[in-house]
Amino acid sequence: MSSANGVCRTLLGAAVWLAGAVALAAGPAPPAELHVVDHPNDAGTALDLRWQLSPDDQPDVTPRKVLRYDILRQAAAPGAPVPANGPAFQVIGEATYGAAKFTDPNCVRGTAYWYQVVAVAPGGGRSLAAASTAPAVPVMQLFDATRLWFGLLLGVVCLLILACIARARSGRPMRMRRIAGLEAVDEAVGRATEMGRTCLFVPGVQDINDMMTVAGLTVLARVAQTAAEYDSRVEVPTSRSLVMTAARETMQAAYAAAGRPEAYREDSVYYLTDEQFGYAAGVTGQMVRERPAACFYFGAFYAESLYLAETGNLIGAIQIAGTAESSQLPFFVAACDYTLIGEEFFAASAYLSGEPQQLGTLLGQDLGKLLGAALIVAGSVLATLGQLGPDGGSAAAGLRYLMNSILGSG
């Protein structure tokens, strides 16, 4: 008799446990009335979802019957019938219990989407899906609110540039850091004049639409004017026909500015070839034959930079280079006497001309860079403080706002 009672108690316990497990795994009541609309003031990449909470999602009920809401999405052609449940619906996000809205930020502009929202119980049980009744299509708006901070920062930088230009035009002195490579132009041309040898100017291997080529021609104007004053000759081999034409006009204007227009020789600027290493071979061959006393490399350079700089070093020429190609700067630094690195190269125009508009623009850009550096420092400080607390606190919230709203990385 006792053994029979024990078996009954065991079966009764198993039945109670099974009933509890079934109740725990059973799905909650489904949410209702899912509405999907276009997200306002964006670039057409987001949709907003709103729904009615599941009747089982009650804040005062313990234990909770709803843990979260899974958001499912399926792309569809406009006008297509409502799709049935299936593998085409993929989970793209989730909302916690008590939340009745969700923004899908990963949409493709002009693509139609169907959505479903499913309530999920703590035991993993899932409700029936609340489905959208029509496909939603994200549309690009006239004003993108996610880029508001970017617009404000751009406006601040523009105002700084305009203020600096106005200050420069007012006649107030503006100090610029000395750029040794540009100061050495007179020394290099003077050395070539004393030795009775030519100067070689290489404007890079890119066409006239490259900013480094344009910046290089600005330096060529200074070199040509100095050569005209010292009665020295400048050779300019080019790899593009348009660069040859622009270099000829630049040198002609420089000789006229020096008061010696009759000394300008058009054949001192000539075209070799568009082929990269053919051009490098032609220039280095000329360097070995004519042995110029000063070599200038200003423009866009690639693998040929090492050939040119090493050949110039071999013949004993004083060499000055400038480029924004970071991969070629080490070769110039190692083989040349002076090297303009990156922004020094682009600042050469303002440095050499001394024009108020260019000087003011340069100062305004530097102030804009300081503003960007301040944002980087602020982000680093917030990230550090966020790691000190258990959950980051206000520092983590500030970092998220800086990254997602101000910098727009979200």
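Guide: What follows goes through a sheet, the helices packed on it, some aromatic pairs and one valine.

Guide: This is a predicted model, in which local features need pLDDT of at least 70 and side-chain atom pairs count only at pLDDT 80 or more, while totals for chains, interfaces and linings use all residues. Residues are numbered from 1 along each chain as its sequence is written, and side-chain values use heavy atoms, with hydrogens and water left out.

Visitor: OK, in what order do the six strands of the open sheet run?
Guide: The order is 10-9-8-11-12-13, with parallel pairing; strands are DSSP runs of E of at least two residues and helices are runs of H or I of at least four, numbered from the N terminus, and two strands pair if DSSP finds at least two bridges between them.

Visitor: And which ones are the edge strands?
Guide: Strand 10 (269-271) and strand 13 (338-341) are the edges, each pairing on one side only.

Visitor: How many bridges join strand 11 and strand 12?
Guide: Five bridges join strand 11 (residues 294-298) to strand 12 (residues 318-323) in the parallel sense, and Phe298 has Gly322 of strand 12 as its bridge partner.

Visitor: What does helix 8 touch on the sheet?
Guide: Helix 8 (residues 304-314) packs against strand 8, strand 11 and strand 12, contact meaning heavy atoms within 4.5 Å. Its direction makes about 165° with that of strand 12, where axes are lines fitted to C-alpha atoms, for helices over the stretch in contact, and angles run from 0 to 180 degrees between N-to-C directions.

Visitor: Which residues of helix 8 are buried?
Guide: Glu304, Ser305, Leu308, Ala309, Thr311 and Gly312 are buried, that is, under 20% relative accessible area with a 1.4 Å probe and protein chains only. They lie on the same side of helix 8 because they cover an arc of only 160° around the axis, the arc being that of the directions from the helix axis to the C-beta atoms.

Visitor: What covers them?
Guide: The cover includes strand 8, helix 7, strand 11, strand 12 and helix 9 (329-335).

Visitor: How do helix 7 and helix 8 pack?
Guide: Their axes are 10 Å apart and meet at an angle of about 5°, so helix 7 and helix 8 are roughly parallel, a label for angles under 35 degrees. Among the residues making this contact are Phe277, Ala280 and Met287 of helix 7, together with Tyr307 and Leu308 of helix 8.

Visitor: Switching topic, how many aromatic pairs are there in the whole structure?
Guide: A search finds eleven, where rings of Phe, Tyr and Trp (its six-membered ring) pair if their centres lie within 6.5 Å. Tyr297 and Phe332 are stacked, because their ring centres are 5.8 Å apart and their planes are at 15°, stacked being planes under 30 degrees apart. Since Tyr297 lies in strand 11 and Phe332 in helix 9, the pair ties together parts 35 residues apart in sequence.

Visitor: Are those two buried or exposed?
Guide: Tyr297 is buried at a relative accessible area of 0%, and Phe332 is buried at 0% as well.

Visitor: Last one: where is Val120?
Guide: Val120 lies in strand 6 (residues 112-120) and counts as buried at 2% relative accessibility. Leaving aside neighbours within four places in sequence, its contacts include Pro28, Leu67 and Arg126.

Technical notes. Buried means under 20% relative accessible area, exposed over 50%, partly exposed in between (1.4 Å probe, protein chains only). Rings of Phe, Tyr and Trp (its six-membered ring) pair if their centres lie within 6.5 Å; planes under 30 degrees apart count as stacked, over 60 as edge-to-face and the rest as tilted. Angles under 35 degrees count as roughly parallel, over 145 as roughly antiparallel, 65 to 115 as roughly perpendicular and the rest as oblique.
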